[in-house]
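Hi,

Here is the structure I promised to pass on to you.

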Amino acid sequence: MKKNDVHTSDIKPDAIKPEENYMRFMEECVFPYILPRREECYLSREAGRQIYCAFYTAGECCSEQRTEADERDKNVSGIILIAHGFSETADKYFEVIYYFLKAGYHVCIPEHCGHGRTYRLVKEDSSLIHTDSWQRYVDDLGFAAESAKSYWQQNSERPFFLFAHSMGGGIGVALAAQKPHLFDRVLLTSPMIRPLTGGVPWSVTKLIVSVMCTLGKEKSYVIGQHVYDGKETFEESCATSYARWAWYKNKIDSEPLYQTCAASFGWLREAIRLNRFLIRDAWRQIKVPVLLIQAEEENVVSKEQQEVFVKKLTASADIVCIPGTKHEIFRSDDETVRRYMDRVLEFLST
């Protein structure tokens, strides 16, 4: 079922500061709250390949090591695993993490292969995003999920949720299908069931990718993509809030590891294969409720494929379309972000 979002905000008006005070909001509200609750580490699913992962613990903050009593804190609502999108890093989700912690959820957020501080299969080019298999992404995310459950001594009484955006949505759906009992609920926000290909027909895209990979160009840039040059403008971005866009743009410009921005032919080949798995097989295996939040002005991933996927699901599933939003709904204006987070938290707490 698809519907426009008409949900009224339950978050207090001062929970999200005006956009003109965004830098101050981050420095005086978000960072002091989330950073003392964060533990960063590197996970090793494969020898020599480290996955950056951050664990954020909800509840009272103290400098001492977590105690068993802390772990049994009945005020903790559950654990949320965040799967970020293409070219993103964990830092892009600081504001979202803040709201989840405030709502009483522990948060785990790893960075995918080829992103941020996690291992790369093409080490010599920090702009290029490449993978040899979509299953690699799924296995890494699953490993992080199990690490999160172990970190907080997960038990059957504490629910475990997935919050997945864009490419992370496609990866997360595949994980939920392959491990049907891992998550209690799945929240997808602008998920990449299939990427858009700039007006090139999907059949033609598949043919081009097949030829290029056959020619040994798996690690070459997809046509039209290039090394990070820092020239993206707000108008070209996937955000509708200039303040939120500019804040993260400054982080990218100052940190080379964050400047991943372009897909290889190998990555696109695996996105095609992932799409095939999601549409043909994954929907049969998902057993838990799914909410897909869709951007009205989507221009990165296929809305049609999102709707095809949700209609196939036999588990409880719904689509909510939020008016006036672009691909990164969580980087919209203040009021839209309030409504968005209300909808997210309502779904997780149902």
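In which sense do S7 and strand S8 pair, and over how many bridges? They pair in the parallel sense, over five bridges, with S8 covering residues 185–189. Before I go on, keep in mind that this is a predicted model.

Let's stay with that pair for a bit. Phe163 stands opposite Leu187 in S8. To get from S7 to S8, the chain passes through helix H5 (residues 167–178), and this β-α-β crossover is right-handed. S7 also has a partner in S4: the two run parallel and are joined by five bridges. There, Leu81 is the residue opposite Leu162 in S7.

Now look at how covered S7 (residues 160–165) is: six of its six residues are buried. In a regular strand, side chains alternate between the two faces of the sheet. You can follow that here, with Phe160, Leu162 and Ala164 pointing one way from S7 and Phe161, Phe163 and His165 pointing the other way, all of them buried.

Pick out Ala164, which lies in strand S7. Why does Ala164 count as buried? The reason is its relative accessibility of 0%, because buried means under 20%. Ala164 also shows how folding brings separate bits of sequence together: Ala164 and Gly85 are 79 residues apart in sequence, but their C-alpha atoms are 7.7 Å apart in space.

There is another parallel pair to look at. Strand S10 (residues 290–295) and S11 run parallel, joined by six bridges. Ile293 is the residue opposite Val320 in S11. Strand S11 (residues 317–322) has five of its six residues buried, so S11 is largely enclosed by the rest of the structure.

On to a helix. H10 takes up residues 334–349, which makes 16 residues, and it reaches 22 Å from its first C-alpha to its last, close to the 22 Å expected at 1.5 Å a residue. How many residues of H10 are buried? The count is 13 of the 16, so H10 is largely enclosed by the rest of the structure. At its N-terminal end, H10 is capped by Asp333, which has a side-chain oxygen 3.1 Å from the backbone nitrogen of Glu335.

Next, the charged side chains. A search of the whole structure turns up 21 salt bridges. Here are some to find on your screen:

- Glu40 and Arg117 form a salt bridge, and their closest N and O atoms are 3.8 Å apart. This pair links distant parts of the chain, 77 residues apart: Glu40 is in strand S2 (residues 38–46), while Arg117 is in the loop between strand S5 (105–110) and strand S6 (128–129). Glu40 counts as partly exposed, at 41% relative accessibility.
- Asp91 and Lys251 form a salt bridge too, with 3.6 Å between the closest N and O atoms. These two also link distant parts of the chain, 160 residues apart, with Asp91 in the loop between strand S4 (78–83) and helix H3 (94–102) and Lys251 in helix H7 (residues 242–254). Asp91 is buried, with a relative accessible area of 5%, whereas Lys251 counts as partly exposed at 22% relative accessibility.
- Glu46 and Arg45 meet through their side chains in a salt bridge of 3.9 Å, N to O. Glu46 is partly exposed at 24% relative accessibility, and Arg45 is partly exposed at 28%.

Which residues do salt bridges with shared partners join into one network? They are Arg38, Glu40, Asp91, Glu111, Arg117 and Lys251.

Finally, zoom out to the whole protein. Its secondary structure comes to 10 helices and 11 strands. The radius of gyration is 19 Å, close to the 20 Å that the globule rule gives for 350 residues, so the protein is as compact as a globular protein of that length. Its C-alpha atoms fill a box of roughly 60 × 45 × 45 Å along the principal axes. Of the 350 residues, 56% count as buried.

Cheers

Definitions and conventions
Residues numbered from 1 in each chain as written. Predicted model: local features only at pLDDT ≥ 70, side-chain atom pairs only at ≥ 80, totals over all residues. Heavy atoms only, no water. Salt bridge = Lys/Arg side-chain N within 4 Å of Asp/Glu carboxyl O. Helix = DSSP H or I, 4+ residues; strand = E, 2+ residues; numbered from the N terminus. Buried < 20%, exposed > 50% of the residue type's maximum accessible area, 1.4 Å probe, protein only. Expected span 1.5 Å × (residues − 1). Polar contact = N/O pair within 3.5 Å; in protein donor to acceptor, adjacent residues only side chain to side chain. Pairing = 2+ DSSP bridges. Right-handed = clockwise from strand over helix to strand, strands pointing away. Rg over C-alpha atoms; globule rule 2.2 N^0.38 Å.
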